[in-house]
Amino acid sequence: MTKPSLPDLLHAAVSAVGGTERPGQVAMAEAVAEAIDDNSHRLIQAGTGTGKSLGYLVPALAHGERVVVATATLALQRQLVERDLPRTVEALHPQLRRRPQFAMLKGRSNYLCLHRLHEGAPQDEEEGLFDQFEAATPTSKLGKDLLRLRDWADETETGDRDDLTPGVSDKAWSQISVSSRECLGATKCAYGAECFAEAARERAKLADVVVTNHALLAIDAIEGAPVLPQHEVLIVDEAHELVSRVTGVATGELTPGQVNRAVKRSAKLVDEKIADALQTASETFERVMELALPGRLEEIPEDLGYALMSLRDASRNVISAIGATRDKSVHDEDAVRKQALAAVENIHSVAERITNGSEYDVVWYERHDRFGATLRVAPLSVSGLLREKLFEDRSVVLTSATLKIGGDFNGVAASLGLSPEGVEGDDVPLWKGLDVGSPFDYPKQGILYVAKHLATPGREGTRGDMMDELAELIEAAGGRTLGLFSSMRGAKAAAEELRGRLDNPILLQGEETLGELIKTFAADPKTCLFGTLSLWQGVDVPGPSCQLVIMDRIPFPRPDDPLMSARQKSVEEHGGNGFMAVAATHAALLMAQGAGRLVRASGDRGVVAVLDPRLATARYGSFLRATLPDFWYTNDRNQVRRSLAAIDAAAQADGK
């Protein structure tokens, strides 16, 4: 039997989902197939509307070897498993003569733990051991959530937190879930045969396509013990997020509260002398943290160094002692022991890491008004880790709507540990970049307006001229505005000011769940939605409800961001331009994502307005603009107001 052609398979899949074939999608599918066939790597930029999910799923399914697809967002994981994969598998079946299996795999804490549900969570000593369902009053929010979880446990087939609607608070979920470190293991657990997390792993082992997230991919790479099944092809969607997700997984933290909980959990399992040593080390650490000021620690202060060494040594002794003793008087001993070990092992690993003082780590204090001080340690770069762990023994395809920063792929490639495109050498993974464009006609569908006449934003204070500009633009647009702010303080100030000046409803991130805010925003064209980071990347509102996207300023990292400033300094020490490599690249990526909120469908029209004159006047402005969609560009404020008014009038004429 002849092998079905890729164009025929793609045509069948696109028809099945009711879509339209795009030249960019065809080019992407061919590039993915080529990468899989010759075991090479690709970076593929595919603009909004390309249909990139099918662009990689079809060649992956046709290939026949196991594929792992890693995404950054829950929304895309669900779309793949609930919509794209079922339809595509059915559409390709007549030609492939097989139905590839697919499965979703997440970290263990995403699944309901039957042991914890039935036996209860081991509690800290002064709280006693109790049934969390009895202890939480049925009328409280926590109580209602827990009772609903108990009912849901009897009917769910997956135990996956994201299959529970509506969701529950993190506090409620933590009562019936465990981390991988706290898990007893299927062979030791009375509920191992029914375990949801183990069932998910078994399904993944049998599947042809495993859909997971960037965090689990990072854990698989960092921790050495494989979490994902063996696979020949890795596809990373939303790949612009990968470095920050891997950095997050590779970041350790210590707080006095966390250390205190570890002390309490382990105290009953070791002799008094060993427990007292950890208690003393905990108190010393707490005193140091009370005086901690936010910022990077280029050298570890003597008092902190002493506290960390004490924690390291005391926790190591506790770990040894817990492993050597048994105490049948402890209720549910194995679970209590495992939870205590997990807590103490984390203290030990972070304290030891900071004490060892690698030049490749950045250490800093953070302070929170409510929770006090936190000590953090993160890798200066994850590029070496990614280069070593990601690109060996498999073909890797990385795709996103934003991978070309400043006009080429090399900036993103460098962050992934790759050399410039085309550079060959020993241990250098070879890769090719491909920009398949977008089906949208950006110069005709959108305007990029830079308010060149405004004052340059300063670090502090409200910007009166910016508020006036913002109000005038929203009035001209008739609402329909997504306001993207570089800080929550800026978003709140703008919302408070404009609620007093405009008749349009203004929604503010944090006043309701993000899903509800976006739903309300999409339903009423007169409404505006203001917010910060997650809105820059997480909003998909095609149509007339989002015809003006406003960015208050270029979203450079804060100058006092310890990790970003350390990375910038490192680039400069190696002879590079730290500002361009780190700060400008970070801003360009966010701006490209933010500008991408405007045109989500072929009929969309509108304006991206940047209220920061530096995009027009600064030397780096052209680098940032080269990353944005190719909108028609202007600094003419009157022209933009006329255009917005015309777009608003057209939408109203259509009854929208």
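Tutor: Start with charge. The protein carries 73 positive and 94 negative charges, and their mean positions lie 2 Å apart. This is a predicted model, so every value here is computed from predicted coordinates.

Next, the overall build. The protein has 27 helices and 18 strands. Its C-alpha trace spans about 75 × 70 × 60 Å along the principal axes. The radius of gyration is 27 Å; a compact globule of 656 residues would have one near 26 Å, so the two agree. Of the 656 residues, 52% count as buried. Take the contacts with a separation of 6 or more: 76% of them join residues 24 or more positions apart.

Leu590 sits in helix α24, which covers residues 578-595. Is Leu590 buried or exposed? Leu590 has a relative accessible area of 9%. The cut-off for buried is under 20%, so Leu590 counts as buried.

What does Leu590 touch, leaving out residues up to four places away in sequence? The partners are Leu533, Trp536, Gln537 and Pro555.

Ser486 is 104 residues from Leu590 in sequence. In space, the C-alpha atoms of Ser486 and Leu590 are 9.9 Å apart.

To recap: Leu590 belongs to helix α24, is buried, and touches Trp536 among other residues.

Terms used:
Residues are numbered from 1 along each chain as its sequence is written. This is a predicted model: local features need pLDDT of at least 70, side-chain atom pairs count only at pLDDT 80 or more; totals for chains, interfaces and linings use all residues. Side-chain values use heavy atoms; hydrogens and water are left out. Helices (H or I, at least four residues) and strands (E, at least two) are DSSP runs, numbered from the N terminus. The radius of gyration is taken over C-alpha atoms; the globule rule is 2.2 Å times the number of residues to the power 0.38. Buried means under 20% relative accessible area, exposed over 50%, partly exposed in between (1.4 Å probe, protein chains only). Contact means heavy atoms within 4.5 Å. Lys and Arg count as positive and Asp and Glu as negative; His and the chain ends are not counted. The place of a charge is taken as NZ of Lys, CZ of Arg, CG of Asp or CD of Glu.
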